[in-house]
Amino acid sequence: MGAFPFVLSAIAFSLYILLNRHHGLGFFDASEYSTQIQDWGIAHAPGYPLYTMLSKLANLVVGDPFTAQFVVSFVSAFVAAGFLVLAFREARNYDRRAAV
């Protein structure tokens, strides 16, 4: 099967993010995360420290907090696609082992 499931999942996640991207702050946590990225603020609980650090790193590279959020979301989609493929393969292998 190879890398086909990962590539297919990555394409699906990429299209979803690109087609459903909100151009601006939005209604929920985007404004809080944007200010958090700019000045190392603390978001409401649980705070998402890994997301904050990755977004700050992306902001240092890109220079725009909104684009940094998009980059982190895009990378998260690829990581999620990879983990979905791994979970699918592990479930399939577990089913094969259980059948023996």
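This is a predicted model: local features need pLDDT of at least 70, side-chain atom pairs count only at pLDDT 80 or more; totals for chains, interfaces and linings use all residues.
I'm calling a residue buried when its relative accessible area is under 20%, and exposed when that is over 50%.

**Lysine 56**

I started with a lysine. Lysine 56 sits in helix H3, which runs over residues 49–62. Its relative accessible area comes out at 12%, so I have lysine 56 down as buried. Next I looked up what lysine 56 touches: leaving out residues up to four places away in sequence, I get Ile37, Gln38 and Trp40.

**Helix H1**

I checked the length of H1, residues 4–19. With 16 residues at 1.5 Å a residue, H1 should span 22 Å, and the C-alpha atoms at its ends are 22 Å apart, so the two agree.

Which residues of H1 are buried? I find Pro5, Ser9, Ala10, Ser14 and Ile17. These cover an arc of only 160° around the axis, so they lie on the same side of H1. A reminder to myself: an α-helix has 3.6 residues a turn, so residues three or four places apart point the same way. Phe4 and Leu19 are exposed, on the other side of H1.

**Nonpolar patch**

Then I went over the surface. I noted a nonpolar patch of about 540 Å², made by Phe6, Val7, Ile11, Leu15, Leu19 and Phe78. H1 gives the largest share of this patch, with five residues.

Phenylalanine 78 belongs to helix H4, residues 65–99. Is phenylalanine 78 buried, partly exposed or exposed? Its relative accessibility is 31%, so I count phenylalanine 78 as partly exposed.

Methods: Residues are numbered from 1 along each chain as its sequence is written. Side-chain values use heavy atoms; hydrogens and water are left out. Helices (H or I, at least four residues) and strands (E, at least two) are DSSP runs, numbered from the N terminus. The expected span of a helix is 1.5 Å times one less than its number of residues. Buried means under 20% relative accessible area, exposed over 50%, partly exposed in between (1.4 Å probe, protein chains only). The arc is that of the directions from the helix axis to the C-beta atoms. Patches are made of residues with over 30% relative accessible area and no salt bridge: like charges are joined within 9 Å, nonpolar side chains (Val, Leu, Ile, Met, Phe, Trp, Tyr) within 5 Å. Accessible areas come from the Shrake-Rupley method with a 1.4 Å probe; for residues, only the protein chains shown count as cover. A salt bridge is a side-chain nitrogen of Lys or Arg within 4 Å of a carboxyl oxygen of Asp or Glu. Contact means heavy atoms within 4.5 Å.
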